[in-house]
Amino acid sequence: ITFTVKRDSATLSGCDTPQIYFSFPSAEKDSAVPAKQLRHFQKVCHNVTAGASFSQTVTYEFGDDAISNWDVDAKKWAVTTGEYGVVVGSSSQDIRLKGSFTI
């Protein structure tokens with residue numbers, strides 16, 4: 001998953017911490033599955049002068065652990081297949097990008 005953090009006409013130096021959340025395929029049908037699960041976050045700091053813009057690309061390569069749930073019957077972690085939602089934001093309530101992928 002790749003996206004770009006941008007600040008146009010930044011007036012102050014500082015940091016952003018974009019967060020990536022996944023929505024598992026079973027989340028809509030099973031109230032025990034959270035609607036969003038935090039899978040990655042990364043601090044992005046910028047030091048710019050007044051009026052300048054800033055951008056930095058963030059990439060998150062995830063493995064099976066990011067798309068697995070505990071299978072109670074099999075007593076092991078299992079990859080959940082289906083369509084996942086992906087959202088990126090500064091918090092779980094401040095979503096700025098949306099997408100999806102299928103396993």
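Is Asp16 buried or exposed? At 18% relative accessibility, Asp16 counts as buried (under 20% relative accessible area; exposed is over 50%, partly exposed lies in between; 1.4 Å probe, protein chains only).

The model is predicted: local features need pLDDT of at least 70, side-chain atom pairs count only at pLDDT 80 or more, and totals for chains, interfaces and linings use all residues. Residues are numbered from 1 along each chain as its sequence is written, and side-chain values use heavy atoms, with hydrogens and water left out.

**View 1. Asp16 and its contacts.** Leave out residues up to four places away in sequence. Asp16 then touches Val5, Arg7, Gln42, Lys43, Val44 and His46 (contact means heavy atoms within 4.5 Å).

**View 2. The largest pocket.** A pocket here is an open set of points on a 1 Å grid over the protein atoms alone, where a 1.4 Å probe fits, with protein on both sides within 12 Å along at least five of seven lines. Lining residues have an atom within 4 Å of a point. There are 13 of them, and the closest to the centre are Val5, Lys6, Asp16, Pro18 and Arg96. Two or more lining residues come from each of β1 (2–10), β9 and β10 (95–102). The largest share, 5 residues, comes from β1.

**View 3. Val88 in strand β9.** The strand spans residues 83–89. Val88 is buried, at 8% relative accessibility. Pro18 is 70 residues away along the chain, yet the two C-alpha atoms are separated by 6.6 Å. Beyond its neighbours within four places in sequence, Val88 contacts Phe3, Pro18, Gln19, Ile20, Ile95, Arg96 and Leu97.

**View 4. The salt bridge between Arg96 and Asp94.** A search of the whole structure finds 1 salt bridge (a side-chain nitrogen of Lys or Arg within 4 Å of a carboxyl oxygen of Asp or Glu). The closest N and O atoms of Arg96 and Asp94 are 2.7 Å apart. Arg96 is exposed, at 59% relative accessible area. Asp94 is partly exposed, at 29%.

**View 5. Val72 in a loop.** The loop runs between β7 (68–71) and β8 (76–79). Val72 is exposed, with a relative accessible area of 61%.

Key:
Helix = DSSP H or I, 4+ residues; strand = E, 2+ residues; numbered from the N terminus. Points joined across faces, edges and corners; volume = space filled by probe spheres on them.
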